[in-house]
Every structure is written in C-alpha cells, then in structure tokens.
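Biologist: Can you take me through this model? I would like to start with the core and then move on to the strands and rings.

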Amino acid sequence: MKKVEAIIKPFKLDEVREGLAEAGITGLTVTEVKGFGRQRGHTELYRGAEYVVDFLPKTKVELIVADQDVDRVIEAVVKAARTGKIGDGKIFVSNVEQVMRIRTGETGDAAI
C-alpha cells in the first residue's frame, strides 16, 4: 500500500476530487494548509500599505491506495491540478506499513 499526498492550489480541489472519482478512488482526506515553494510568497497592497505574504494557501489531499493504483492516482491528480503556472504543487508517495479499519477490524487492502 502507498500513501499519496498532493499539495495543490485550493481552487483545483473539485477537479482533483472528480478526477480521482473517475479513476475509481473512493476515499480521501483534505486539509487546508499554507506553504511556499520556489515562488517564496508574494507582496500585496492593502489600503496603500505593501506587505509580504510568506505562506500561500494550499490544499493537501491524502489517499491510501493499493500499489497497483498509484500511477493511475498520480495521473488523475496531475491532469486535474495542472495549470502550467508556478505553484501548481507537488505529489509525494510513501510506503504504508499497516492499515486497519476501526469499525470492522479489517486490515491490509481490505481496509482501504
């Protein structure tokens, strides 16, 4: 099993969710986060005063999937989240040692 974490632009969340649903993915976790990459934030003007926004709003989507589904998940996220502009985000894939469904006690792939 793998954990796929995608950091995306917030306005792309619905498209990513729909793309994952089309790819057969039924469950995910979404968190509102803040961060920056190469763009290092930006400056904004508010009531005549300029200030620096160091951390930009992002959305983190987390999924646990079977090994054979990873490529399909990555493809769906990239297709839905890509704008071609800086700040589109990143995808991280890591191994998952164990999963257990609390309600039934199922473990492994049956618990996904």
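**Core, strands and rings**

Modeller: The largest nonpolar core has 16 residues, and those with the most contacts inside it are Ile8, Val16, Leu20, Leu63, Val65, Val73 and Val77. A nonpolar core here is a set of buried Ala, Val, Leu, Ile, Met, Phe, Trp, Tyr and Cys residues joined through side-chain atoms within 4.5 Å. Buried means under 20% relative accessible area, exposed over 50%, and partly exposed in between (1.4 Å probe, protein chains only).

Biologist: Which elements each supply at least two residues of this core?

Modeller: Strand 1, helix 1 (13-22), strand 5 and helix 2 (70-81). The largest share, six residues, comes from helix 2. Helices (H or I, at least four residues) and strands (E, at least two) are DSSP runs, numbered from the N terminus.

Biologist: What is the basis for all this?

Modeller: This is a predicted model, where local features need pLDDT of at least 70 and side-chain atom pairs count only at pLDDT 80 or more, while totals for chains, interfaces and linings use all residues. Residues are numbered from 1 along each chain as its sequence is written, and side-chain values use heavy atoms, with hydrogens and water left out.

Biologist: What is Leu63 in contact with?

Modeller: Setting aside neighbours within four places in sequence, Leu63 is in contact with Lys2, Lys3, Val4, Leu20, Ile25, Gly27, Leu28 and Val73. Contact means heavy atoms within 4.5 Å.

Biologist: Strands next. How many bridges join strand 1 to strand 5?

Modeller: Seven, and the two run antiparallel. Strand 1 (residues 2-8) is also joined to strand 6 (residues 90-95) by six bridges, again antiparallel. Two strands pair if DSSP finds at least two bridges between them.

Biologist: What stands opposite Ile7 in strand 5?

Modeller: Lys60. In strand 6, Ile7 stands opposite Lys90.

Biologist: And Glu5, buried or exposed?

Modeller: Glu5 lies in strand 1 and counts as buried, at 17% relative accessibility. A polar contact of 3.5 Å joins the side chains of Glu5 and Lys60. That term means a pair of N or O atoms within 3.5 Å; within protein, one must be able to donate a hydrogen and the other to accept it, and residues adjacent in sequence count only if both atoms are side-chain atoms.

Biologist: How many aromatic pairs are there?

Modeller: One. The ring centres of Phe36 and Phe55 are 5.5 Å apart and their planes are at 50°, so the pair is tilted. Rings of Phe, Tyr and Trp (its six-membered ring) pair if their centres lie within 6.5 Å; planes under 30 degrees apart count as stacked, over 60 as edge-to-face and the rest as tilted.
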